[in-house]
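Okay, thanks for coming, everyone. I've got one chain to walk you through today, so let me put it up on the screen.

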Amino acid sequence: MKKIYLAISLALAPQVLATELDPKDDTDLPDWAIENIAPMHDAVSEWVTNSSRSIDGFFGTEESMEVDNDSFLRISQEVDWSDPDGFNAKTGVRFRLDLPTSKERLRFIIESDPDETAGTLSEQGTNRIRNDQNSVGSTILGLSKLSKKDKTEAWNLRAGAGVKVRWPPDPYVRFTGERLWDLDSPWQLESYNRASWFNKEGYSVRTKWDLGRPLDENHHLRFITNVQWQEEVDTLEYSEGVEINQLLGSRSVMRYAVAAVGRSVSDPRLHDYYIYTHYRRNLHRNILFVDLIPELHFPREEDYDPQLGITLRVEMMFKGDLNFRR
């Protein structure tokens, strides 16, 4: 069951790939690299933990020092190459500050690449870099109010608001709802829905339905449906994808996927197909991760001629509440 959970964890939350490992087998880094990384990582992680618990204690109760706190800081560096566009590079930051004991159950967010700036479904693909994406201009600062409901028992609803970092500031409002159903074993169905408004880009609505089941101890199957509308694009988009996630070991997972993307309701047609693999490796003790994502697109506007792309991404997680071993 632990192996199946690992495969699902990559499918549902790719930023996390964690398991209990022998201290001798939980890193690919040499000793000199660990000695340089550990002090910096521990100092930043301690700051994340102390900040979240101190602020939570100010707005909440004394239990803030005891309850679980899901605050984290994630920093990533990504290099992307594609057949038509050449090389691009991007630094990503996501900081989530949870206040679980505050009366309103608040969450403070700094996010460099929110869903609303990811572009069309075809551009999103495997989260490759867009040519027009500016890491500063697409960063948001905001607060959201969390639901106390478990999404396996009822709809988990939350509302948030904030600004996009630019001048003049670009305010936004968003509403999110999630639900997870256990169907006839071993199938599960998850729904993720978001409606947003940005002062500059206007309205957007997106919904994702994810149906999946384990195939065996090391493989997990998913069928993913996305529907999206953005005021800037002003057309309904939809995609259908099939994925198989394979557990390669205690610290590695591979995803194999194929998807088709379509547009319009009045004149529906498919305008992009793509296939990709996604290799993810836990390089060091649930702190440092690497992703390698080659993909092949067949866009309608290019007469379905194949276009190759590849992404290399390195991420570092700072979460002081985790029990990191040195």
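First, the housekeeping. This is a predicted model, so note that local features need pLDDT of at least 70, side-chain atom pairs count only at pLDDT 80 or more, and totals for chains, interfaces and linings use all residues. Residues are numbered from 1 along each chain as its sequence is written, and side-chain values use heavy atoms, with hydrogens and water left out.

Okay, the overview. The chain has 3 helices and 14 strands. Those are DSSP runs, numbered from the N terminus: H or I with at least four residues for helices, E with at least two for strands. Of the 326 residues, 47% are buried. When I say buried, I mean under 20% relative accessible area; exposed is over 50%, and partly exposed is in between, with a 1.4 Å probe and protein chains only. The accessible surface comes to about 17,100 Å², and carbon and sulfur atoms account for 56% of that. Those areas come from the Shrake-Rupley method with a 1.4 Å probe, and for residues, only the protein chains shown count as cover. Now contacts, meaning heavy atoms within 4.5 Å. Take those between residues at least 6 apart in sequence: 52% of them join residues at least 24 apart.

On to the strands. I'll call two strands paired if DSSP finds at least two bridges between them. Look at β2, residues 86–99, where 10 of the 14 residues are buried. Which way does β1 run against β2? Antiparallel, with 11 bridges joining β2 to β1, residues 72–82. The two make a hairpin with 3 residues between them, and if you want a landmark, D80 has N88 as its bridge partner in β2. Then β2 also pairs with β3, residues 106–111, again antiparallel, through 6 bridges. There, L99 sits opposite L106 in β3.

Strand β7 is joined to β8, residues 202–216, by 11 bridges, antiparallel, and the hairpin between them goes through 3 residues. L189 has L211 in β8 as its bridge partner. From β8 you go on to β9, residues 219–230, also antiparallel, with 12 bridges.

Now the charges. As a reminder, side chains of opposite charge can pair when their charged atoms come close. How many salt bridges does the structure hold? It holds 17, where a salt bridge is a side-chain nitrogen of Lys or Arg within 4 Å of a carboxyl oxygen of Asp or Glu.

Let me show you three of them. D28 and R251 meet at 2.9 Å, N to O. D28 is in the loop between α1 (2–12) and α2 (31–59), and R251 is in the loop between β10 (236–247) and β11 (252–263), so you're looking at a link across 223 residues. D28 is partly exposed at 37% relative accessibility, whereas R251 is buried at 6%.

Next, K151 and E190, with the closest N and O atoms 2.6 Å apart. K151 lies in the loop between β4 (140–145) and β5 (156–164) and E190 is in β7 (188–198), so this pair ties together parts 39 residues apart in sequence. K151 counts as partly exposed, at 24% relative accessibility, and E190 as buried, at 12%.

R280 is in β12 (269–284) and E315 in β14 (307–318), so here the tie spans 35 residues. Both R280 and E315 are buried. And going back to K151 and E190, salt bridges with shared partners join those two with R158 and E178 into one network.

Last stop: E243, in strand β10. Is E243 buried or exposed? Buried, with a relative accessible area of 8%. Its side chain makes a polar contact with R222 at 2.7 Å and another with R255 at 3.4 Å. A polar contact here is a pair of N or O atoms within 3.5 Å; within protein, one must be able to donate a hydrogen and the other to accept it, and residues adjacent in sequence count only if both atoms are side-chain atoms. Leaving out residues up to four places away in sequence, E243 also touches others, including H220, I224, Y256 and Y276.

That's my tour, so over to you.
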